[in-house]
Amino acid sequence: MALDELKSQLPEYAKDLKLNLGSVIGNNDALSQQQLWGTVLACAIASRSPIVLRELEPEAKANLSPEAYTAAKAAAAIMAMNNVYYRTRHLLSDPEYGNLRAGLRMNVIGNPGVEKVDFELWSLAVSAINGCGMCLDSHEQVLRKADVSRETIQEAFKVAAVIQAVGTTLDAEADLA
């Protein structure tokens, strides 16, 4: 199992990450299988860690329909663009940028090929990794309007946090070896 392989690669100083990886992925019953594995795949991509992506992608693919697999990758892709654009717009001190039309294609958000709630959850998790407050607020509001609980939303960004931390740690260890 890829999860066990990732855990075995983590150094002893990252024992908390080993435990958290097991709890947020291995023992997660707060998210549906599609929500969980779509979040895992989108976050593995967003982490930019070749080790994490290589280990988690096959298991994600095995646990997702072809449509959900593609949609999770699409969430990572579109949020890679949106998180930079909207984070920059928010961080600039000139509020006039907020009045300008983005002019960027984002059709996949309107028609992701899976349940809208699942895609929004994946987009929120990727936005957590990429640190875009505007996107986090936007996706959280859509999810809350769809009656998704705060606990479910929190599970998605917990997965994001752990995957990001595991990727950072393993990539650093690989660079130091």
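Select M134 to start: at 29% relative accessibility this residue is partly exposed, a class that lies between buried (under 20% relative accessible area) and exposed (over 50%), computed with a 1.4 Å probe on protein chains only. The model is predicted: local features need pLDDT of at least 70 and side-chain atom pairs count only at pLDDT 80 or more, while totals for chains, interfaces and linings use all residues. Residues are numbered from 1 along each chain as its sequence is written, and side-chain values use heavy atoms, with hydrogens and water left out.

M134 sits in helix 8; helices (H or I, at least four residues) are DSSP runs numbered from the N terminus. Show its contacts next, meaning heavy atoms within 4.5 Å. Apart from residues up to four places away in sequence, M134 touches Y86, R89 and H90.

Move to E120, in helix 7 (residues 116-130). Is E120 buried or exposed? At 3% relative accessibility, E120 is buried. With neighbours within four places in sequence set aside, its contacts are I109, H139, V142 and L143.

Now go to the loops. Select D147, between helix 8 (133-145) and helix 9 (150-176). D147 is exposed, at 70% relative accessibility, and its phi is near 65 degrees, a positive value in a residue other than glycine.

End at R48, in the loop that joins helix 3 (33-46) and helix 4 (50-63). Phi of R48 is likewise positive, near 65 degrees, and the residue is not glycine. R48 is exposed, with a relative accessible area of 64%.

Definitions and conventions. Helix = DSSP H or I, 4+ residues; strand = E, 2+ residues; numbered from the N terminus.
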